[in-house]
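Hi,

Here is the structure I said I would send over. Have a look at it first, and my notes follow below.

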Amino acid sequence: MAATRVEQVTVPGGAYDLTVWLPGSGGGPGVLLVPEIFGVGDYIHAVAEDLTGLGYVVAAPDLFWRLSPGWRAVHDEEGVARSLELGGRLDFEQSVADAAGGLRHLMALPEVARGEATGTAGILGFCLGGSIAYFLAAQNAAAAVVSFYGSEVPGRLDLLDAIECPLQFHFGGSDPYIPRADVAEVEKAVRGRPNAEIHVEEQAGHAFHNRKAPMFHDPEPAARAWRRAEEFLARHLPV
């Protein structure tokens, strides 16, 4: 297992926990892993282990610290209901700003490979985190961004014009939370942009990559999508 520690990120209004995982080499490029509404739980820990296995330094922010610090939800119907209720009270723009603080903190860690002036890092987010990753991409502070089924993406396609960094989208074509027609609008908007790509798993639903949630996980689409994400990171954020 990867070495893990918890850092404190100071932002306007207080400070929150940023869980950090180190690869076996002790250092490398950074990846800000932005979680779903379930919090930094077993799934995010599993994905972090996958990423450290590739050689990345990984950090996951506690997005819910202003409402319920340390929030962790079980992947069952009750956990989904409670998470949706909590997520409905989340200030999205504030969460983007908080996550940006986590990215800056990650890039300043001594274990993160250095770029010209600071550490080099990418962003990977799922669900809520996929939306936040997309909004952070518009700040062009990261080397590469991967966004899995971010529900806020279709309504803010205007942000694409501001994004210069490499950007990869993943969606499920049978997602009950993100209509296929909305995903088609993303496909249309991305078409012809040299820095952006989109992959749609037509038979997959929402959160299809979450292998800790039997009610959502779809193994074959998940494996294909993760392979594409790995290849994308290898191209734009090489270890």
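**What turned up**

Helix α2 (residues 77-88) gives the most to the lining of the largest pocket, with four residues. Before the rest, some ground rules: this is a predicted model, where local features need pLDDT of at least 70 and side-chain atom pairs count only at pLDDT 80 or more, while totals for chains, interfaces and linings use all residues. Residues are numbered from 1 along each chain as its sequence is written, and side-chain values use heavy atoms, with hydrogens and water left out. Helices (H or I, at least four residues) and strands (E, at least two) are DSSP runs, numbered from the N terminus.

**The pocket**

Rolling a probe the size of a water molecule over the atoms shows where empty space is left. Here a pocket is an open set of points on a 1 Å grid over the protein atoms alone, where a 1.4 Å probe fits, with protein on both sides within 12 Å along at least five of seven lines; lining residues have an atom within 4 Å of a point. A volume is the space filled by probe spheres set on the points, and grid points are joined across faces, edges and corners.

On those terms, the largest pocket holds about 360 Å³ of space. Its lining has 19 residues, and Ile37, Leu84, Cys127, Leu128 and Ser151 lie nearest the centre. The lining divides into 12 nonpolar, four polar and three charged residues.

**Cys127 and α4**

Cys127 sits in the loop between β5 and α4. Most residues other than glycine have a negative phi, but phi of Cys127 is near 60°, a positive value. Cys127 is also buried, at a relative accessible area of 14% (buried means under 20% relative accessible area, exposed over 50%, partly exposed in between, with a 1.4 Å probe and protein chains only). Cys165 is buried too, at 7%. If you were wondering about disulfides, the count is zero, taking a disulfide as a pair of cysteine sulfur atoms within 2.5 Å.

Helix α4 (residues 128-137) is mostly covered, with 10 of its 10 residues buried. Among them are Leu128, Ser131, Tyr134 and Phe135. The cover over the buried residues of α4 includes β3 (30-34), α3 (92-108), β5 (121-126), β6 (145-148) and β7 (167-172); contact means heavy atoms within 4.5 Å.

**α5, with one side covered**

Which residues of helix α5 (residues 180-190) are buried? Val183, Val186 and Val190 are. They cover an arc of only 50° around the axis, so they are on the same side of α5; the arc is that of the directions from the helix axis to the C-beta atoms. An α-helix has 3.6 residues a turn, so residues three or four places apart point the same way. On the other side of α5, Ala181 and Lys188 are exposed. What covers the buried residues includes β7 and β8 (196-201). Just after α5, Gly192 takes a positive phi of about 90°.

Pro154, in the loop between β6 and β7, is in contact with Ile178, Asp182 and Val186, leaving aside neighbours within four places in sequence. Pro154 counts as buried at 16% relative accessibility.

- Leu33 lies in strand β3 and is buried, with a relative accessible area of 0%. Not counting residues up to four places away in sequence, Leu33 touches a set that includes Ile44, Val47, Leu51, Leu124 and Phe126. Leu33 and Leu103 are 70 residues apart in sequence and 9.4 Å apart in space, C-alpha to C-alpha.
- Phe64 lies in the loop between β4 (57-61) and α2 and counts as buried at 1% relative accessibility. Leaving aside neighbours within four places in sequence, the contacts of Phe64 include Ile37, Trp71, Leu86 and Leu128. The C-alpha atoms of Phe64 and Gly39, 25 residues apart along the chain, are separated by 7.4 Å.
- Ala207 is in the loop between β8 and α6 (219-236). Ala207 has a positive phi of about 55° although it is not a glycine, and counts as buried at 2% relative accessibility.

Cheers

Technical notes. Nonpolar A, V, L, I, M, F, W, Y, C, P; charged D, E, K, R; others polar.
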